Structures are given as structure tokens and as C-alpha cells.
Amino acid sequence: MADVFEEEAEQTVSIQEYLKDVEDQELEADLVLGGDEGKECTYTKGYMKRQAIFSCLTCTMDGNAGVCTACCLSCHDGHEIVELWTKRNFRCDCGNSKFGEFFCKLFPNKDIENVENSYNHNFRGSYCTCGRPYPDPDIEEQEEMIQCCICEDWFHEEHLGLQSSDEIPRDEEGEPLYEDFICQTCSGVFSFLTLYPKSIWAAVRQHDTTVNNNKEKNVLEDPSSACGSSQKLENDPYSHNSGQIDHAITDIVSENVSAGKDALFGENTEKNEGSSQVIQVASPSCSACIVGVDLLVAPPVSDGSKPMFLSKNWRDILCRCEKCVEFYTQKRINFLLDKEDSIVEYEKMAKQKREEKLHQQEGVELNLLDKLGHVGKMEFLNGVADMKNEIHSFLESFDPSKPITSADVHQVFENLAKKRRRL
């Protein structure tokens, strides 16, 4: 019996650990919601580049509709909700024709249908090629899934089409070295990426031999592992023409610099995070083709579809010439040229909103204290001191082997109230 109490005691956490956990959860929620506080329906903002979307299976059993954060909280509270993380180019469906007689409480005046919205089996609560739900009720320990940046479906590691999970680019701590993942099905459209320099692929960490002395470079020494394959190919499609393109990019940059122009590359050059490699940011108005191939006429053909792991800032190096942009548009992948489409940029904007919100809260607290008169300030500070002393006294007299209950907390505040009444 004593052993049981010892195990329970070991599971307790300190106030600092609890607050840190709460802060981490709040940050994670802000990153998913993009800083959206869920107060207004996003329908009026049109088809948003990226936003958090939820599917309500109580209202739409077929899983053919999605609602924004605010509608999920206000209109579908208590319903069976599927959290979809984020979706691109999506407009809130809440209360439209797919919901029958149900009307949106926040913005009922919606079109019958949002024709540009895209839906997949995620809206029914199914993921991956196996079609299993997440969390999976039949699995005790949930497995982390990876999202394709094109179809936005989620995949289990064993269903990526790799021989081993070791082919997923990760560092020694298991953190991903890639920015984006393209699934096996979607990768067929992206065979043109094989025309780019090998630095576009995320490096696969080798366990037995050192492939790259500088782990932070994020550059493949062996281009055969660019798309998850660690086998050496005689005719390596992922190194095709990459040397020529490297020289082509250098030549184009030199020509523009000597002419005093920024036609191809903007003034901003971005470094990979934690990397010594600089990726040039191509301007949308560039005229010279980087890949040197008319993708509309003769796109490269790969022998077989492989999942792709792309390095950080890989989108910045995509060609923006007129023909390539037309190719992206025909394939409906021109969203890759929009920086705000990426999850990295979405989370960056969410962090910025969070910092601004916290700063505003601090400002409100300081302004409140400044507006108080001398007597009010003294009462406020004395109240804070009384609470600090009461909590300190409670912790000193409390048995550390017992958990703190809600009754204990109420007692602390009752003691404070009694002291205030005596004054």
C-alpha cells in the first residue's frame, strides 16, 4: 500500500510546471487557430488563404462541410466535431444549404454553397490511405502523422511508401529537417522539381555513416536520397540537370546585378533556419526561366512516384517565369508561390498575433494601475500582498503528500475575505 502512495506522490507537478504546461497548450492552440479568438464568423473574409476548419458530423453526417473557429464554438457547441487543423482557400459553410434547416447564429446570410471549397475524407474523420480515424480508438498509443502540403491529407509513417521510417529527414532528437512533405499520390505532379538543385530536398540523416559533416546545412551529399530513397540509382532523376541550373541561377543573378536590376531576385535573400545556405527569393515578375525547360510542352516524367521531403524555404527558389507560372496555374498548384500559404508562415503570423495580444493585455493592466489614485493603488498592492501571504501560509501548513482540492482553494479565498472584513 505504501508503494501505491509513493507512485501517486511522484505524479504530482509543481505550480511552475503546471503553468508552463498551460502556456504550452495555449501556444499550441494559437498556432493551430492562427491567432483567431473565435469571436466572429470568417465568412465575410471570403476564401481565406489558410484558416482552422472543423467538420460537424452532427449537422452534416456525410462530412461534406466545414466551419470556422467561431461557428464551431458558438453554433456547434456539444456536437460531434472533427478537428481538421488548417485548410487552404476555404470559406465557412456554417448554415448554408448543406446544413438543412440549421442556420448560423453569427452570420446567417450565406450563399447556398461555397463552390470553391474542397473536401476530402478528413471531413468524415478518416485519414491516410488506411482511412483510420485520429485519435484511433483501436490503438493505445497514438502515432504521429505527417500532412501532405498539397492534398492536405494526413499519413501514418508506415503508409508513406518508404522502406523504412529512417528515410524521413530528422535530426538526432527526432525533429523534422524538412519544411514540407508531398505524399506519394501528389508527387507525380511534382516530377518537375527534379530539375532543381539538390539543395531543394531535405537531407536524410544516415545512422552508420556521416553523409554531411555539417548537420545544419540541410543539403544532400547523396542526391539519390532526395525523395526518401537511400538506394543509389544509376540514372538518378533527382540530380538531373541540377548542376546546369545552379550555374544558370548564378549567371542570371550576375546579369541582373551588373545591370543594376532586381528583375529575377528581390532585395531580400533568406537563409534557411539554422543553415549556412542562402536561398534566393525569386520575384513574381522574372522573365528568365530557371529550369530551362518548357514544362507545358515537355514536363519531366519520373519512373515511379515517391514521397517528397522539401527543405526549408524551398518555395522561394521556384521559378516565376511566365511559362512556369502558367504551368502551376494549369496544375492548380500556383498557391505554392504565395508565401502566406505555407504552414511555417501561418504559424509565424499566429505567434506575432499572440505576442501583440499579450503585450496589449500587459498594457491594459498597467493602464488600470495608472488610472487608480494613490489610495486605490495602495489597496490594490495590499490585496496582492495579502493573497501572496495567505497562499504562502497555506503551502507551509499543507501536507505535501495530499493533493490540493477545490475545497482547499475555496478555503484560501474565504480566509482572505474574512481578513478584508476585519479591516
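Me: Glu-167 is buried, so what is the nearest side chain of opposite charge, and how far away?

Reply: Lys-306, 7.9 Å away. Glu-167 has no salt bridge. Buried means under 20% relative accessible area, exposed over 50%, and partly exposed in between (1.4 Å probe, protein chains only). A salt bridge needs a side-chain nitrogen of Lys or Arg within 4 Å of a carboxyl oxygen of Asp or Glu. For charge, Lys and Arg count as positive and Asp and Glu as negative, with His and the chain ends not counted.

Me: What are the ground rules for the model?

Reply: This is a predicted model, where local features need pLDDT of at least 70, side-chain atom pairs count only at pLDDT 80 or more, and totals for chains, interfaces and linings use all residues. Residues are numbered from 1 along each chain as its sequence is written, and side-chain values use heavy atoms, leaving out hydrogens and water.

Me: Back to Glu-167. Where does it lie?

Reply: Glu-167 is in the loop between β4 (154-156) and β5 (180-182). Strands are DSSP runs of E with at least two residues, helices are runs of H or I with at least four, and both are numbered from the N terminus.

Me: Which backbone nitrogen lies 3.0 Å from a polar atom of its side chain?

Reply: That of Gln-163.

Me: Switching to salt bridges. How many are there?

Reply: The count comes to 13. One of them joins Arg-50 and Glu-152, with the closest N and O atoms 2.9 Å apart.

Me: Where do Arg-50 and Glu-152 lie in the chain?

Reply: Arg-50 is in strand β1 and Glu-152 in the loop between β3 and β4, so the pair ties together parts 102 residues apart in sequence.

Me: Are Arg-50 and Glu-152 buried or exposed?

Reply: Both are buried.

Me: Which residues do salt bridges with shared partners join into one network?

Reply: Arg-50, Arg-88, Glu-152, Asp-180, Arg-315 and Asp-341.

Me: What does Lys-49 pair with?

Reply: Lys-49 forms a salt bridge with Glu-340, closest N and O atoms 3.6 Å apart. This pair links distant parts of the chain: Lys-49 is in strand β1 (residues 48-56), Glu-340 is in the loop between α5 (322-330) and α6 (343-371), and 291 residues separate them. Lys-49 is partly exposed at 44%. Glu-340 is partly exposed too, at 36%.

Me: And what about Asp-138?

Reply: Asp-138 bridges to Arg-132, with the closest N and O atoms 2.7 Å apart. Asp-138 is exposed, at 63% relative accessibility. Arg-132 is partly exposed, at 30%.

Me: On to rings. How many aromatic pairs?

Reply: The count is 13. Rings of Phe, Tyr and Trp (its six-membered ring) pair if their centres lie within 6.5 Å; planes under 30 degrees apart are stacked, over 60 edge-to-face, the rest tilted.

Me: Why is the Trp-85 and Trp-154 pair classed as it is?

Reply: The ring centres are 5.2 Å apart and the planes are at 55 degrees, so the pair is tilted. Trp-85 sits in strand β2 (residues 81-90) and Trp-154 in strand β4, 69 residues apart. Trp-85 is partly exposed at 22%. Trp-154 is buried at 18%.

Me: How are the rings of Phe-90 and Phe-123 arranged?

Reply: They are stacked, 5.8 Å centre to centre with 20 degrees between the planes. Both residues are buried.

Me: Which ring does the charged end of Arg-88 sit over?

Reply: Phe-335, 3.7 Å from the ring centre. The rule wants NZ of Lys or CZ of Arg within 6 Å of the ring centre and within 35 degrees of the ring normal. Arg-91 sits over Tyr-43, 3.9 Å from the centre of that ring.

Key. A polar contact is a pair of N or O atoms within 3.5 Å; within protein, one must be able to donate a hydrogen and the other to accept it, and residues adjacent in sequence count only if both atoms are side-chain atoms.
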